[in-house]
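The sequence and structure come first.

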Amino acid sequence: MAAGTGSALYTVGQVARRAGLTVRTLHHYDAIGLVRPSARSPAGYRLYDAADIRRLHLVVSLKRTGIGLDAIAGILAGDDLDPREVIRQQIAELDRSIAQAGAAREGLRLLLWTLEDDPGSADSLLGATGLLAEYQKYLPALDVRRLLARWRQAQPHWGPIAAAVRACQSGGTDVLSPDVQRLAQRWMNVAMRVFGGELPVVLRWANMHQRSPATAVHAGLDPALLRYLGQAIEARLDALRRHLGDDGLARLDGSASSEWEQLAADGEALLASGARPDDRRVGALRRRYQDLLARTVRHDASLAARLRAAYECEPILSLGHFIGPELRAFLDPP
């Protein structure tokens, strides 16, 4: 503390120690006009009074929240700056930083998970890094590690379908044949179940495998088989697009495939039993059918009508679908 003054004055070293800062930081704050000492000693050394230290404490507190020095200077200078807006901007910036850090962390977790298959060498790391780049290119906003895990867990469901498709491919069976089309629909049913019924996600997943065969191999799939199967599936999607358009197709909710499967089994059993249209069991089944249809089209009556028209006009869509033409007529009479 300087002697001979009416108030306590502190040297830059004393202030630095008490504030937990470096002398260099205090010199920088002085140079940019953020916190300037109010006095000088006879020898020319900087001296800080109580007001200077209060200002310094405010600067330090604001800086710890992440606010930049320029914004702090504007606030303290009384510029036409709304402190609330400065804080909102800082929150938005922190949200972006958190999102970027989360994406980087998830990328590292995916890289580590990928290397568990083959951790032995630098070549393994290079290969895993390449896979990570491909996943982030095609599925940037998705939890790829979770999707891959779910796909691999579903192997008992899609594995037999892949084997049957491979037999058709080896035998030269046309992708538009009823056998291949039934398998294509079964494959789509599994994919929709794995990916939560979101067709856009399924299509992005399929597009990635077609354009980046390494990702297909990593998922346990044969790229050549996927190309063959993709042609069969695209024929079905084209039939739907003719009636729904791309927007309507993307809006379909395929998350209830297991319920459709159970509905079909119950309906076929009723048909086989010779149940009459006025049977209460038939009425209950029709209500389930209407509810599932409404959920599939997200309660859009216009989309429901177009979907019905697609199944009436496009015979390819009935091949392999849960609800065959006879059962559809039974549940959805004109």
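Seven aromatic pairs are counted in this structure, which is a predicted model. Ring pairs join Trp151, Trp158, Trp187, Phe195 and Trp205 into a cluster. A pair of this kind is described by the distance between the ring centres and the angle between the planes.

Aromatic rings also take part in two arrangements with arginine, in which the charged end sits over the ring. The table gives the distance from the charged end to the ring centre.

| Charged residue | Ring | Distance to ring centre |
|---|---|---|
| Arg286 | Phe330 | 5.7 Å |
| Arg328 | Tyr311 | 4.2 Å |

Leu249 belongs to helix H12. Its relative accessibility is 3%, so Leu249 counts as buried, the cut-off being under 20%. Leaving aside residues up to four places away in sequence, Leu249 touches Leu199, Leu237, Leu240, Arg241 and Leu244. Between Leu249 and Leu303 the C-alpha to C-alpha distance is 9.2 Å, with a separation of 54 residues in sequence.

The largest pocket holds about 340 Å³ of space. It is lined by 20 residues, and those closest to its centre are Val202, Ala206, Asn207, Gln210 and Ile233. Helix H9 (178-194), helix H10 (199-211) and helix H12 (223-251) are the elements that each contribute two or more residues to this lining. Sorted by class, the lining of the largest pocket consists of 14 nonpolar, four polar and two charged residues.

Terms used. Residues are numbered from 1 along each chain as its sequence is written. This is a predicted model: local features need pLDDT of at least 70, side-chain atom pairs count only at pLDDT 80 or more; totals for chains, interfaces and linings use all residues. Side-chain values use heavy atoms; hydrogens and water are left out. On a 1 Å grid over the protein atoms alone, a cavity is a set of points where a 1.4 Å probe fits but cannot get out, and a pocket is an open set with protein on both sides within 12 Å along at least five of seven lines; lining residues have an atom within 4 Å of a point. Grid points are joined across faces, edges and corners, and a volume is the space filled by probe spheres set on the points. Helices (H or I, at least four residues) and strands (E, at least two) are DSSP runs, numbered from the N terminus. Ala, Val, Leu, Ile, Met, Phe, Trp, Tyr, Cys and Pro count as nonpolar, Asp, Glu, Lys and Arg as charged, and the others, Gly among them, as polar. Buried means under 20% relative accessible area, exposed over 50%, partly exposed in between (1.4 Å probe, protein chains only). Contact means heavy atoms within 4.5 Å. Rings of Phe, Tyr and Trp (its six-membered ring) pair if their centres lie within 6.5 Å; planes under 30 degrees apart count as stacked, over 60 as edge-to-face and the rest as tilted. A charge sits over a ring if NZ of Lys or CZ of Arg is within 6 Å of the ring centre and within 35 degrees of the ring normal.
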